[in-house]
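Good morning, colleagues. Please take a moment with the sequence and the structure on the screen, and then I shall take you through the points I have selected.

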Amino acid sequence: SFTTERGEIEIDPSPVGSSGYDDLRRAARREPLGQGLRVPVASAPDLIRVLAAQGRSQDLALERRLRRVVELERTITPDL
């Protein structure tokens, strides 16, 4: 982890609940951060999987919100 002028950043190359970067990259989406910068961000289902595997009580609210996001995405995304 390291600190920037915008806050702390933690990088874990092999988060619990995944088999590492390649596992999380398969369903990642590229998200714009501004000034033309687009970075890969793990999918909501993958983030839920990692949060659940960590088993930290402070992550329960975030895990529930992410599950709700996934539910909403399923209702508004047409099946192809």
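This is a predicted model: local features need pLDDT of at least 70, side-chain atom pairs count only at pLDDT 80 or more; totals for chains, interfaces and linings use all residues.

Which element gives the largest share of the lining of the largest pocket? That element is α2, with 4 residues. The pocket itself has a volume of about 740 Å³. Besides α2, the elements that give two or more residues to its lining are β2, residues 7–9, α1, residues 21–25, and β4, residues 37–41. In total, 21 residues line this pocket, and those nearest its centre are E10, I11, D12, P15 and L47.

Let me turn to the packing of α2. This helix, residues 44–54, packs with α3, residues 60–76, at an angle of about 155°, and their axes are 9 Å apart. Angles over 145 degrees count as roughly antiparallel, and therefore α2 is roughly antiparallel to α3. The crossing in which α2 passes α3 is left-handed.

Which residues meet in this contact? From α2 we have A44, P45, L47, I48, L51 and A52; from α3, L62, E63, L66, R67 and V70. The residues of the contact comprise 9 nonpolar and 2 charged, with no polar ones. Please note L47 in particular: this residue of α2 belongs to the contact with α3, and L47 is also among the residues that lie nearest the centre of the largest pocket.

Finally, the chain as a whole. The protein chain has 3 helices and 4 strands, and from the N terminus on the order is β-β-α-β-β-α-α. Its C-alpha trace spans about 40 × 35 × 25 Å along the principal axes.

Thank you for your attention.

Notes: Residues are numbered from 1 along each chain as its sequence is written. Side-chain values use heavy atoms; hydrogens and water are left out. Axes are lines fitted to C-alpha atoms, for helices over the stretch in contact, and angles run from 0 to 180 degrees between N-to-C directions. Angles under 35 degrees count as roughly parallel, over 145 as roughly antiparallel, 65 to 115 as roughly perpendicular and the rest as oblique. A crossing is left-handed if the near helix is turned anticlockwise from the far one by less than a right angle, and right-handed if clockwise. Contact means heavy atoms within 4.5 Å. Ala, Val, Leu, Ile, Met, Phe, Trp, Tyr, Cys and Pro count as nonpolar, Asp, Glu, Lys and Arg as charged, and the others, Gly among them, as polar. On a 1 Å grid over the protein atoms alone, a cavity is a set of points where a 1.4 Å probe fits but cannot get out, and a pocket is an open set with protein on both sides within 12 Å along at least five of seven lines; lining residues have an atom within 4 Å of a point. Grid points are joined across faces, edges and corners, and a volume is the space filled by probe spheres set on the points.
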